[in-house]
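This report describes one protein model, from its overall dimensions down to single residues. The sequence and coordinates follow.

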Amino acid sequence: MEGQGAKIGSTAIIWGLATGMMAISIPIVKMTQTGIILPLAVVIGVSLSTIAIWLSTWLT
């Protein structure tokens, strides 16, 4: 289980930033009436980033 700290730290930073992006995207969606596209892009991007981190070998 060595190297898990870097993965946990990276994941925490990414999801912390994603929370801010979601908070910003909600008023933008209301103003532009673009629907769920922007929040969905944030969730998909963060999910793919998390998968990439946990499947990577260079952080271990």
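How many helices and strands does the protein have? There are two helices and zero strands, where helices (H or I, at least four residues) and strands (E, at least two) are DSSP runs, numbered from the N terminus.

## Basis

This is a predicted model, in which local features need pLDDT of at least 70 and side-chain atom pairs count only at pLDDT 80 or more, while totals for chains, interfaces and linings use all residues. Residues are numbered from 1 along each chain as its sequence is written, and side-chain values use heavy atoms, with hydrogens and water left out.

## Overall dimensions

The C-alpha atoms fill a box of roughly 45 × 15 × 10 Å along the principal axes.

Of the 60 residues, 20% are buried. Buried means under 20% relative accessible area, exposed over 50%, and partly exposed in between (1.4 Å probe, protein chains only). The protein exposes about 4400 Å², and carbon and sulfur atoms supply 78% of this area, computed by the Shrake-Rupley method with a 1.4 Å probe, where for residues only the protein chains shown count as cover.

## Helix 1 and its cover

Helix 1 (residues 4–32) has 29 residues and reaches 41 Å from its first C-alpha to its last, close to the 42 Å expected at 1.5 Å a residue. The expected span is 1.5 Å times one less than the number of residues. Just after helix 1, glutamine 33 has a positive phi of about 55 degrees.

The buried residues of helix 1 are Lys7, Thr11, Ala18, Ser25 and Val29, and their cover includes helix 2. Threonine 50, in helix 2 (residues 37–55), is classed as buried because its relative accessibility is 15%. Leaving aside residues up to four places away in sequence, threonine 50 touches Thr11 and Trp15; contact means heavy atoms within 4.5 Å. Among contacts between residues at least 6 apart in sequence, 69% join residues at least 24 apart.

## Nonpolar surface patch

Isoleucine 36 lies in the loop between helix 1 and helix 2. Isoleucine 36 counts as exposed because its relative accessible area is 61%. A nonpolar surface patch is formed by Ile36, Leu40, Ile44, Leu48, Ile51 and Leu55, with about 630 Å² of accessible area together.

Patches are made of residues with over 30% relative accessible area and no salt bridge, with like charges joined within 9 Å and nonpolar side chains (Val, Leu, Ile, Met, Phe, Trp, Tyr) within 5 Å. A salt bridge is a side-chain nitrogen of Lys or Arg within 4 Å of a carboxyl oxygen of Asp or Glu.
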